[in-house]
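Here is a short tour of one protein model, covering its pockets and its sheet. Have the viewer open as you read along.

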Amino acid sequence: MSKQLKHLNKFIDFAKKELKLPSLPNIHFAGSEENEKQAFGHSTGNDITIRINDRHPIDIMRTIAHELIHVKQTQMGKHGEQFKEDEANAIAGTLIALASLAVLITLFQKDIVAATLENRT
């Protein structure tokens, strides 16, 4: 499994937990030639297709979050196309910020603990 795919799968698990999804849809990663809608992501039924080539991993994660939010909206019976898009965009941005914060905390946790212990002596 490529390093990028490993990170994307970790983000999917994170988003599932944050969105409180009982299960995940089928998520397919595709190149431009395999993505007939030529969108960054789209969903049909229980399938989500995410275009991954020529994109930054954070942008791919935001698209994953956006599409997973549509899954949640469907589960909750939400209606109104523009409302659903606006809400998905807003929450996707929040999920990226939360994930970024979690990564930063993990990266710097050892340094913070070491500095705290150092200041005690």
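## How pockets are defined

On a 1 Å grid over the protein atoms alone, a pocket is an open set of points with protein on both sides within 12 Å along at least five of seven lines, and its lining residues have an atom within 4 Å of a point. Grid points are joined across faces, edges and corners, and a volume is the space filled by probe spheres set on the points; the probe is 1.4 Å.

The model is predicted, so local features need pLDDT of at least 70 and side-chain atom pairs count only at pLDDT 80 or more, while totals for chains, interfaces and linings use all residues. Residues are numbered from 1 along each chain as its sequence is written, and side-chain values use heavy atoms, with hydrogens and water left out.

## The largest pocket

The largest pocket holds about 290 Å³ of space. Helices (H or I, at least four residues) and strands (E, at least two) are DSSP runs, numbered from the N terminus. Three helices, α1 (3-19), α2 (57-76) and α3 (81-120), each give at least two residues to this lining, and α3 has the largest share with five.

Among the lining residues are His-7, Phe-11, Phe-14, Met-61 and Val-103. By class, the lining has eight nonpolar, two polar and one charged residues; Ala, Val, Leu, Ile, Met, Phe, Trp, Tyr, Cys and Pro count as nonpolar, Asp, Glu, Lys and Arg as charged, and the others, Gly among them, as polar.

## The sheet and its hairpin

Now to the strands, where two count as paired if DSSP finds at least two bridges between them. Three of them make an open sheet in the order β1-β3-β2, with mixed pairing. β1 (26-30) and β2 are the edge strands, each pairing on one side only. Neighbouring strands are turned by 20° against each other on average, direction ignored; axes are lines fitted to C-alpha atoms, for helices over the stretch in contact (heavy atoms within 4.5 Å), and angles run from 0 to 180 degrees between N-to-C directions.

Strands β2 (residues 41-44) and β3 (residues 47-51) run antiparallel and are joined by four bridges. Gly-41 has Ile-50 as its bridge partner in β3, and Ser-43 has Ile-48. The two strands form a hairpin with two residues between them, and Gly-45 in the turn has a positive phi of about 60°. α2 lies across β1, β2 and β3, running at about 160° to β3.

## The second largest pocket

About 150 Å³ of space lies in the second largest pocket. Its lining includes Ser-43, Gly-45, His-70 and Lys-84, and β2, α2 and α3 each supply at least two residues. By class, this lining has one nonpolar, six polar and three charged residues.
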